[in-house]
Amino acid sequence: MKIYQQQIQLSQRRRGFHLITAEVLQALPQIREIKVGICQVFIQHTSASLTINENADPTVRKDFEMYFSKTVPENDPGYLHDDEGPDDMPAHLKAALLGSSVTIPIRDGRFALGIWQGIYLCEHRNYGGQRNLMITAWGE
């Protein structure tokens with residue numbers, strides 16, 4: 001079995017949902033050597049998250065942001081954790097809802113994603129800064 005791992009730093013992005021599939025693949029080209037395996041992508045932050053979803057229509061990403069902004073609003077008077085501003089606690093809650101990692105099957109040296117699927121960086125802060133990912137792939 002082969003095991004590969006790479007940590008990458010994504011450039012700062014504005015709040016929203018951003019496709020990063022190409023960046024993940026570029027960071028770990030050894031995926032091409034795996035015939036059958038798994039890739040896990042893990043984000044090392046608590047105010048951003050990862051998910052897999054529609055990669056073709058950009059309105060899906062806008063709708064995601066609209067939904068999560070309505071579902072987990074800023075400036076809720078019940079929040080105790082607001083040291084870094086009104087988007088602080090909502091960002092943590094959104095990240096908890098979506099999760100910190102995604103797992104993708106590898107088949108014949110490629111991600112076995114569906115035809116319309118891509119990996120999203122879900123940036124929940126107005127100014128989240130650079131984000132670190134740990135990418136681990138294993139298989140034969």
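N75 lies in the loop between α2 (58–71) and α3 (88–98), helices here being DSSP runs of H or I with at least four residues, and strands runs of E with at least two, numbered from the N terminus. N75 is not a glycine, yet its phi is positive, at about 65°. The model is predicted, so local features need pLDDT of at least 70 and side-chain atom pairs count only at pLDDT 80 or more, while totals for chains, interfaces and linings use all residues. Residues are numbered from 1 along each chain as its sequence is written, and side-chain values use heavy atoms, with hydrogens and water left out.

**Loop residues with positive phi**

- At 59% relative accessibility, N75 counts as exposed; the classes are buried for under 20% relative accessible area, exposed for over 50%, and partly exposed in between, with a 1.4 Å probe and protein chains only.
- D108, also not a glycine, has a positive phi of about 55°.
- The loop that holds D108 runs between β5 (101–107) and β6.
- D108 is partly exposed, its relative accessible area being 49%.

**Sheet**

- Five strands form an open sheet in the order β1-β8-β3-β5-β6, and the pairing is antiparallel; two strands pair if DSSP finds at least two bridges between them.
- The edges are β1 (2–10) and β6 (110–111); each has a single partner strand, so one side of each lacks a neighbour in the sheet.
- Strands β3 (residues 36–43) and β8 (residues 131–139) run antiparallel and are joined by seven bridges.
- G37 has G139 of β8 as its bridge partner.

**Cysteines**

- The whole structure contains zero disulfides, a disulfide being a pair of cysteine sulfur atoms within 2.5 Å.
- For C39, the closest cysteine sulfur is that of C122, 16 Å away, which is too far for a bond.
- C39 is buried, with a relative accessible area of 0%.
- C122 is likewise buried, at 0% relative accessible area.

**Nonpolar surface patch**

- M1, I3 and W138 make a nonpolar surface patch of about 360 Å².
- Patches are made of residues with over 30% relative accessible area and no salt bridge; like charges are joined within 9 Å, and nonpolar side chains (Val, Leu, Ile, Met, Phe, Trp, Tyr) within 5 Å.
- Accessible areas come from the Shrake-Rupley method with a 1.4 Å probe, and for residues only the protein chains shown count as cover.
- W138 belongs to strand β8 and is partly exposed, with a relative accessible area of 31%.

**Aromatic pairs**

- Six aromatic pairs are found in the whole structure; rings of Phe, Tyr and Trp (its six-membered ring) pair if their centres lie within 6.5 Å, and planes under 30 degrees apart count as stacked, over 60 as edge-to-face and the rest as tilted.
- One of these pairs is F64 with Y120, which is edge-to-face, with 5.8 Å centre to centre and 75° between the planes.
- F64 is in helix α2 and Y120 in strand β7 (residues 117–123), so this pair ties together parts that are 56 residues apart in sequence.
- F64 counts as buried at 17% relative accessibility, and Y120 is buried with a relative accessible area of 0%.
- F17, F64, Y67, F68 and Y120 form one aromatic cluster.

**Salt bridges**

- Side chains of opposite charge can pair when their charged atoms come close.
- The whole structure has eight salt bridges, each defined as a side-chain nitrogen of Lys or Arg within 4 Å of a carboxyl oxygen of Asp or Glu.
- R15 and E74 form a salt bridge in which the closest N and O atoms are 2.3 Å apart.
- R15 lies in the loop between β1 and β2 (16–19), and E74 in the loop between α2 and α3, so the pair ties together parts that are 59 residues apart in sequence.
- R15 counts as buried at 19% relative accessibility, whereas E74 counts as partly exposed at 25%.
- E123 pairs with R131 in a salt bridge with closest N and O atoms 2.8 Å apart, and both E123 and R131 are buried.
- A salt bridge also joins R125 and D88, where the closest N and O atoms are 3.8 Å apart.
- This pair links distant parts of the chain, with R125 in the loop between β7 and β8 and D88 in helix α3, 37 residues apart.
- R125 and D88 are both buried.
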